[in-house]
Amino acid sequence: MFLSQQTLDKVNKDLLDLPNGSVFELPEKVLQFGTGVLLRGLPDYFIDKANRQGVFNGRVVVVKSTSTGSAEAFDQQDCLYTTCIRGIESGDIKEEYLINSSISRVLSAQSDWYDILKCAHDPEMRIIISNTTELGIELVSELINQTPPASFPGKLLAFLYERYKAFKGTISSGMVIVPTELIPDNGKRLEAIVLELAHLNGLEPSFIDWIEECNVFCNSLVDRIVPGKPAKAEKEKIETQLGYEDDLMIVAEPYALWAIEGNEHVRKVLAFVEADQRVVICNDIDKFRELKLRLLNGTHTMTCGLAYLSGCVTVSDAMQNEQLAAFIKGVMQHEIGPSIPYPVETEAVQDFSNKLIDRFSNSFIKHNWISITAQYSSKIKQRIVPLLVQHYKKSTDAPELMTLGVAAFLLFMKPVRKTDNAFYGNHNGEEYLINDVHARRFYDSWKLQSVTKTVEKILADNDFWETDLNQLPGFTAAVSAKLEELITHGPVKTLENTSLMKMA
């Protein structure tokens, strides 16, 4: 038995939070570009929760933008799907299952473009949400009269132009547009691209004025680990408990945050904000971005090489290892937190760090370290180098734990074999792919015989780092020493020789 409106009365009601039947009559208020698990596990989760409380009272029309995959499961299940919230919250295990009914229908941009444009004529439709990956918010010089335009900004512009014509450019017909792509200033960047594309298409000045004056593009930040469908055996076990099959089932951690930059008008339109304090609307979301980028992403980046070379597979595995758990807590709370290049209250850093310990310890989420090493060098550049620069504004001593993290990064990035354009490292006799577009830089640098000279050459790469990291006092010597220790004694012994146990 598959999940659907018709089978709702046959499911295990003792384990499930079911939707109210009246939700299926609610008007469509949101156009969402993307069917991915992050959107279904965060924005759609909050909208569903608000509908249950009678706060928002609106549903989501989802646009499937790509030609890959099928929307058949959405049609078969009346767009219902199970969200399995599983993890640790305030030190306690939390397990919750709910059927999300926020989505009314899924339309394909390729085959249903005219139906998508019809949504622009609906006065209830006031919100646009997107997650088209970071590559989706890019300017593609194209005509928007295609069916459909190729790019997401092209599709968005065509929709806005249709709405402008449908409502004759009235102020009240403007939309609130909230991209969730993980790039800084995503709203402002999307708006700039849409405006440039409008000029390239020769659209009338009055329409361009309407975009700027009547629509709001909000910067936003999403933070929730939503790995998607459970593994086959686990999925079958859950389905047996709940009493139905669900091809759209997703798993999400308990923690969630959606920070949106906006004013009272935005708050009024995004009425679902009232249902959950984890949706935050404020004038500046940079604090939330820095906390996530540095403490969560930065800690992952500082740890992934060290954890992988220590034999840990997942993040939760590392939290079961006393020394790696101490490293994670120490680098996050004692080195990264104080070095965030943005004014953040100490209490906010401590609170976010404590929540991260629960999140990292969540064994329900299989977050593999080898996956986190993807594009390792760019992550070091974007997430860690600003922390190092900020650290040295306050101290002349090399940060011990970040130094070890960088040394482990360099060891992980040591290619031992090259095949065409693929580079491979080796750990305990097993090869692993170095999934990094800059792997050749490290391949060439590691040809040097001396560890110190290798470190000096890599850190001096101003073209890549946009600075000479050798200029940081004592940093090169400290990294070289840690790298020598990792090569000679291995990660476990090197961890034992650090002072992190006292710090964590």
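Predicted model: local features only at pLDDT ≥ 70, side-chain atom pairs only at ≥ 80, totals over all residues.

Colleague: What holds strands together in a sheet, in general?

Modeller: Strands of a sheet pair through backbone hydrogen bonds, and the pairing is either parallel or antiparallel. Here, β3 and strand β6 (residues 103–108) run parallel and are joined by five bridges. Strand β2 (residues 28–33) is also parallel to β3, again with five bridges. In that pairing, Val30 sits opposite Val60 of β3.

Colleague: Is β3 mostly covered or mostly open?

Modeller: Mostly covered: six of the six residues in β3 (residues 59–64) are buried. Look at the two faces in turn. Arg59, Val61 and Val63 lie on one side, Val60, Val62 and Lys64 on the other, and all of them are buried.

Colleague: Which strands pair with β5?

Modeller: Strand β1 (residues 16–17) pairs with β5 (residues 92–100) in the parallel sense, over two bridges. There, Asp17 has Leu98 of β5 as its bridge partner. Strand β4 (residues 81–89) runs antiparallel to β5, and nine bridges join them.

Colleague: What about β14, β15 and β16; what is their order?

Modeller: They form an open sheet of three strands in the order β14-β15-β16, with antiparallel pairing. The edges are β14 (417–419) and β16 (430–433), each of which pairs on one side only. On average, neighbouring strands of this sheet are turned by 35° against each other, direction ignored. Strand β15 (residues 422–427) is joined to β16 by four bridges, and Gly425 stands opposite Tyr432 in β16.

Colleague: On to helices. How are two packed helices described?

Modeller: By the angle between their axes and the distance between those axes. Take helix α6 (residues 186–200) and helix α7 (residues 205–214): they pack at about 170° with axes 10 Å apart. Angles over 145 degrees count as roughly antiparallel, so that is what α6 is to α7. The residues that make the contact are Glu191, Val194, Leu195, Ala198 and His199 of α6, with Ile208, Ile211 and Glu212 of α7. By class, the contact of α6 with α7 has five nonpolar, one polar and two charged residues.

Colleague: And at what angle do α10 and α16 cross?

Modeller: Roughly 60°: the axes of helix α10 (residues 286–309) and helix α16 (residues 400–412) come within 8 Å. That angle makes α10 oblique to α16, and their crossing is left-handed. On the α10 side the contact includes Met302, Leu306 and Leu309, and on the α16 side Met402, Leu404 and Phe412 are among the residues met. By class, the contact of α10 with α16 has 10 nonpolar, two polar and no charged residues.

Colleague: How many residues of α2 are buried?

Modeller: Eight of the 10 residues in α2 (residues 43–52) are buried, which leaves the helix mostly covered. Tyr45, Phe46 and Ile47 are among the buried ones, and so are Asp44 and Asp48. Just after α2, Gly54 takes a positive phi of about 70°.

Colleague: Where is the cis peptide bond?

Modeller: Between Thr147 and Pro148, with omega at about 5°. Pro148 belongs to the loop between β7 (127–130) and α5 (152–166).

Technical notes: Residues numbered from 1 in each chain as written. Heavy atoms only, no water. Pairing = 2+ DSSP bridges. Axes fitted to C-alpha atoms, helices over the stretch in contact; angles between N-to-C directions. Parallel < 35°, antiparallel > 145°, perpendicular 65-115°, else oblique. Left-handed = near helix turned anticlockwise from the far one by under 90°. Contact = heavy atoms within 4.5 Å. Nonpolar A, V, L, I, M, F, W, Y, C, P; charged D, E, K, R; others polar. Buried < 20%, exposed > 50% of the residue type's maximum accessible area, 1.4 Å probe, protein only.
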